[in-house]
Amino acid sequence: MSILFADNNCDLNFSQIKQFGIEYINMPFSLHNNSIVEIDSSFFEEVFAPYLSQGNNLVYVHEGVDYFNSYANLKKAIRRLKTEYPDNTIYLVDSEATSAGYAFIVYLAMLKYKTGCNEVDLVNYINKIKKERDLAMELLAINHDLRIIDTAYVLETEYSPEELWLNPSSLLMM
């Protein structure tokens, strides 16, 4: 069986995630000198080990690595867990987003997961929707926290990016 994970960085509420049968990771945050303290690898091991010990494969859709300051510790935990549970598969899927953009990816992943697909199909689906999201955002010249993109704008228009963001219908007048 495969288990889909998301965390509280995705800005979906806990009850909605649980309703779809998704495991919700409540990431602990603390500040030190105005910086977020990295989450230790043991935290991730404690979260995932009970599911792996039951023979489950895991798919963790996480916040974009450019926003995720504990990514190295997550990878360290996964390496250790793979040695302890060599028959299980753990997929880490970078949403390449934070906040609402991460929520968008998780929400669509939840809908697909609810159909009973296997973890390989789920990971392929998530990667497909990330590409489609990228294309749509390039076509609309959106540069927002929904997706980490280069500050160069794909479309050359007479409108500034801010005008397009505030009034996307201006694209229709081009």
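Modeller: Let us begin with asparagine 57, which is found in strand β5. Helices (H or I, at least four residues) and strands (E, at least two) are DSSP runs, numbered from the N terminus. This is a predicted model, in which local features need pLDDT of at least 70 and side-chain atom pairs count only at pLDDT 80 or more, while totals for chains, interfaces and linings use all residues. Residues are numbered from 1 along each chain as its sequence is written, and side-chain values use heavy atoms, with hydrogens and water left out.

Colleague: Is asparagine 57 buried or exposed?

Modeller: Buried means under 20% relative accessible area, exposed over 50%, and partly exposed in between (1.4 Å probe, protein chains only). Asparagine 57 has a relative accessible area of 14%, so the residue is buried. Asparagine 57 and asparagine 118 are 61 residues apart in sequence, with 9.6 Å between their C-alpha atoms in space.

Colleague: Which strand is joined to β5, and by how many bridges?

Modeller: Two strands pair if DSSP finds at least two bridges between them. Here strand β5 (residues 57-62) and strand β6 (residues 90-94) run parallel and are joined by five bridges. Within this pair, leucine 58 stands opposite isoleucine 90 in β6. Between the two strands the chain passes through helix α3 (residues 71-84), and this β-α-β crossover is right-handed. A crossover is given that name if, with the strands pointing away from the viewer, the path from the first strand over the helix to the second runs clockwise. As a general point, side chains in a regular strand alternate between the two faces of the sheet.

Colleague: How many salt bridges does a search of the whole structure find?

Modeller: A salt bridge is a side-chain nitrogen of Lys or Arg within 4 Å of a carboxyl oxygen of Asp or Glu. The search finds four. One of them joins glutamate 45 to arginine 80, with the closest N and O atoms 3.1 Å apart. Because glutamate 45 lies in helix α2 (residues 41-53) and arginine 80 in helix α3, the pair ties together parts that are 35 residues apart in sequence. Glutamate 45 is buried at 19% relative accessibility, whereas arginine 80 is partly exposed at 37%.

Colleague: Where in the chain are glutamate 96 and lysine 130?

Modeller: The side chains of these two residues meet in a salt bridge (3.5 Å, N to O). Glutamate 96 is in the loop between β6 and α4 (99-113) and lysine 130 is in helix α5 (residues 119-140), so that the pair links distant parts of the chain, 34 residues apart. Lysine 130 is buried at 7% relative accessibility, and glutamate 96 is partly exposed at 24%.

Colleague: What separates glutamate 132 from lysine 128 in helix α5?

Modeller: About one helical turn, because the two are four residues apart in that helix. Their side chains meet in a salt bridge (3.3 Å, N to O). Glutamate 132, at 42%, is partly exposed, and lysine 128 is also partly exposed, at 47%.

Colleague: How many disulfides does the structure hold?

Modeller: A disulfide is a pair of cysteine sulfur atoms within 2.5 Å, and the structure holds zero. Cysteine 10 is buried at 0% relative accessibility, and cysteine 117 is buried at 14%.
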